[in-house]
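The sequence and the model are shown first.

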Amino acid sequence: MQNSDAMALFAALLAAAGDLTQRIHDGVTARGFTDLRPAHGFAFARLAPDGATVTDLAVHLGVTKQAASQLVDEIVRKGYAERRPHPEDARARLIVLTGRGWACTRAAEEAAAEVVGGWAELLGEGEVHALRERLARIAPYGPIRPAW
């Protein structure tokens, strides 16, 4: 692959990711969650399965523990998450989504489905499925983090 082709692919992937992130954020805002930024969604993605410590979240987001702690303070203050005792480490606190956090996560999933539905209309279901499979082969484990 020539440098210009590689740069064109790089630019297209970043443009698609940026557009997807913005459109999900717009969809979340339209569903009433107006006090969040896209970076919060990346944090929610890590918290959603089983919760996480501030350290886990910092690693996931690619930020310092201090920055992750500030973000946690913010989403706790806004009612999207809460701190609980860690079940295995008495020194750590587990950050978990509240009902409001889960509702926001569902709103983001709905918005993402709308965006991908538009891609399917443009490209066809088979092409979207193939795209997902190919991208998963290239980067199966992420990281999924905001571009600061």
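In this predicted model, Phe-33 and Tyr-80 are both buried.

**Aromatic pairs**

A pair of aromatic rings is described by the distance of the centres and the angle of the planes.

| Pair | Centre-to-centre distance | Angle between planes | Class |
|---|---|---|---|
| Phe-33 and Tyr-80 | 6.3 Å | 55° | tilted |
| Phe-44 and Tyr-80 | 5.7 Å | 45° | tilted |

Both classes follow from the angle, because planes under 30 degrees apart count as stacked, over 60 as edge-to-face and the rest as tilted.

The pair of Phe-33 and Tyr-80 links distant parts of the chain, 47 residues apart. Phe-33 lies in the loop between helix 1 (3–30) and helix 2 (38–47), while Tyr-80 lies in the loop between helix 4 (65–77) and strand 1 (81–85). In the other pair, Phe-44 belongs to helix 2 and Tyr-80 to the loop between helix 4 and strand 1, so parts that are 36 residues apart in sequence are tied together. Together, Phe-33, Phe-44 and Tyr-80 make up one aromatic cluster.

Why do Phe-44 and Tyr-80 count as buried? Buried means under 20% relative accessible area; Phe-44 has a relative accessibility of 4%, and Tyr-80 has a relative accessible area of 0%.

**The nonpolar core**

The largest nonpolar core has 22 residues, of which Phe-33, Phe-44, Ile-75, Tyr-80 and Cys-104 touch the most other members. Two or more residues each are given to this core by helix 1, helix 2, helix 3, helix 4, strand 2 and helix 5 (99–123). Helix 2 supplies the largest share, four residues.

Residues up to four places away in sequence aside, Phe-44 touches Leu-36, Ile-75, Tyr-80, Leu-97, Gly-101, Cys-104 and Thr-105. In helix 2, the buried residues are Ala-39, His-40, Phe-42, Ala-43, Phe-44 and Leu-47. The elements that cover them include helix 1, helix 3, helix 4, strand 2 and helix 5.

**Helix 4**

Helix 4 has 13 residues and reaches 18 Å from its first C-alpha to its last, close to the 18 Å expected at 1.5 Å a residue. Buried within helix 4 are Ala-68, Leu-71, Val-72, Glu-74 and Ile-75. Viewed down the axis of helix 4, the buried residues fall within an arc of 160°, so they line one face of the helix.

The buried residues of helix 4 pack against helix 2, helix 3, strand 1 and strand 2 (93–97). On the face turned away from the buried side, helix 4 carries the exposed residues Lys-65, Gln-66 and Arg-77. Lys-65 has a relative accessible area of 54% and is therefore exposed, the cut-off being over 50%. Apart from neighbours within four places in sequence, Lys-65 is in contact with Val-54, Thr-55 and Ala-58. The C-alpha atoms of Lys-65 and Pro-85, 20 residues apart along the chain, are separated by 18 Å. Helix 4 is followed by Gly-79, whose phi is positive, near 90°.

**His-60 in helix 3**

His-60 lies in helix 3 (residues 54–61) and is buried, with a relative accessible area of 18%. Not counting residues up to four places away in sequence, His-60 touches Phe-42, Arg-46, Ile-144 and Arg-145.

**The chain as a whole**

The chain contains six helices and two strands, following the pattern α-α-α-α-β-β-α-α along the sequence. Its C-alpha atoms fill a box of roughly 50 × 35 × 25 Å along the principal axes. Of the 148 residues in the chain, 29% are buried. Among contacts with a separation of 6 or more, 51% involve residues 24 or more positions apart.

An unreviewed UniProt entry places the feature "domain: HTH marR-type" at residues 6–140. That span is 70% helix and 7% strand, and its end C-alpha atoms lie 20 Å apart.

Terms used. Residues numbered from 1 in each chain as written. Predicted model: local features only at pLDDT ≥ 70, side-chain atom pairs only at ≥ 80, totals over all residues. Heavy atoms only, no water. Buried < 20%, exposed > 50% of the residue type's maximum accessible area, 1.4 Å probe, protein only. Contact = heavy atoms within 4.5 Å. Phe/Tyr/Trp six-rings, centres within 6.5 Å; stacked < 30°, edge-to-face > 60°. Expected span 1.5 Å × (residues − 1). Arc of directions from axis to C-beta. UniProt positions renumbered as here; feature names shortened; annotations may be inferred. Core = buried A, V, L, I, M, F, W, Y, C linked by side-chain atoms within 4.5 Å.
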